[in-house]
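Colleague: Hi! Could you walk me through this model?

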Amino acid sequence: MTVFLWLLVISLGVVFFGVVLIGPPFVPALRRDTEALFEALNLGDRDLLVDLGAGDGRVLQLAAERGAKVSGVEINPFLVFAAWVRLRRFKGSVVLGDMWKYRLPEGTTHVFAFSAEVFMNKLERYLTTQRSHTGELTVLCYGFRFRGREPEKVIGAFNCYRF
Ligand SMILES: C[S@@+](CC[C@H](N)C(=O)[O-])C[C@H]1O[C@@H](n2cnc3c(N)ncnc32)[C@H](O)[C@@H]1O
């Protein structure tokens, strides 16, 4: 039993904190910030929003409640399960995987990214490559900015870019 508990604690530590080597750790976006953003954008059923590093799916749930199509990718299996529970009554889903290898679905209109300073250059390169098959993207960065690229608009804590 003790061994089992230790194994559980170690695996939780690895998936929740080890992630910092390849992406931002789990910190959920504030509901009021996200709601204000979606309201200002008038997000609705003509939109497909993808959350890169979807966490427990709370952002996608807010978007889906507004009628938007939603999709996400998340590397932590515990969070993918939590997102599945949240999104089970909606059409969208979160896949288990590495966002840097994830192909944005065709028709994606909005990308939500709660990243970290250190990953912003990589994120910009990633989005530039995806842009060729998705068409124009509105990229919503929580808190952080791309260096050398001006946001099209700033809505509360979000820097909104056009790719
Ligand atoms: C700052 S949290 C944001 C969570 C969620 N988007 C929100 O705003 O509530 C970043 C998330 O990205 C996930 N993540 C980090 N690196 C990743 C990678 N390479 N591929 C997929 N997900 C990753 C983390 O596990 C974490 O859940």
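Modeller: Helix α2 passes α3 in a right-handed crossing, meaning that the near helix is turned clockwise from the far one by less than a right angle. This is a predicted model: local features need pLDDT of at least 70 and side-chain atom pairs 80 or more, while totals for chains, interfaces and linings use all residues. Residues are numbered from 1 along each chain as its sequence is written. Helices are DSSP runs of H or I with at least four residues, strands are E runs of at least two, and both are numbered from the N terminus.

Colleague: At what angle do α2 and α3 pack?

Modeller: About 35 degrees, with the axes of α2 (residues 31-41) and α3 10 Å apart. Axes are lines fitted to C-alpha atoms, for helices over the stretch in contact, and angles run from 0 to 180 degrees between N-to-C directions.

Colleague: And which residues of α2 and α3 meet?

Modeller: Thr34, Glu35 and Phe38 from α2 meet Val59, Leu62 and Ala63 from α3; contact here is C-beta atoms, placed from the backbone, within 7 Å. That contact has four nonpolar residues, one polar and one charged. Ala, Val, Leu, Ile, Met, Phe, Trp, Tyr, Cys and Pro count as nonpolar, Asp, Glu, Lys and Arg as charged, and the others, Gly among them, as polar.

Colleague: How do the axes of α3 and α4 cross?

Modeller: They come within 9 Å and cross at roughly 20 degrees, α4 being residues 77-87. The two helices are therefore roughly parallel, a label for angles under 35 degrees, with over 145 roughly antiparallel, 65 to 115 roughly perpendicular and the rest oblique. α3 passes α4 in a right-handed crossing too. On the α3 side Arg58, Leu60, Gln61 and Ala64 take part, meeting Ala83, Arg86 and Leu87 of α4. By class, this contact has four nonpolar residues, one polar and two charged.

Colleague: Switching topic, what is the strand order in the sheet?

Modeller: β3-β2-β1-β4-β5-β7-β6, an open sheet of seven strands with mixed pairing. Two strands pair if DSSP finds at least two bridges between them. β3 (93-96) and β6 stand at the edges with a single partner strand each, so one side of each has no neighbour in the sheet. Neighbouring strands are turned by 20 degrees against each other on average, ignoring direction. α4 lies across β2 and β3, at about 165 degrees to β3.

Colleague: How many bridges join β5 and β7?

Modeller: Five, in the antiparallel sense, between residues 138-142 and 158-162. Val139 is bridged to Tyr161 of β7, and Leu140 to Cys160. In the β6-β7 hairpin, with two residues between the strands, Gly156 has a positive phi near 55 degrees.

Conventions
Two residues are in contact if their C-beta atoms, placed from the backbone, lie within 7 Å.
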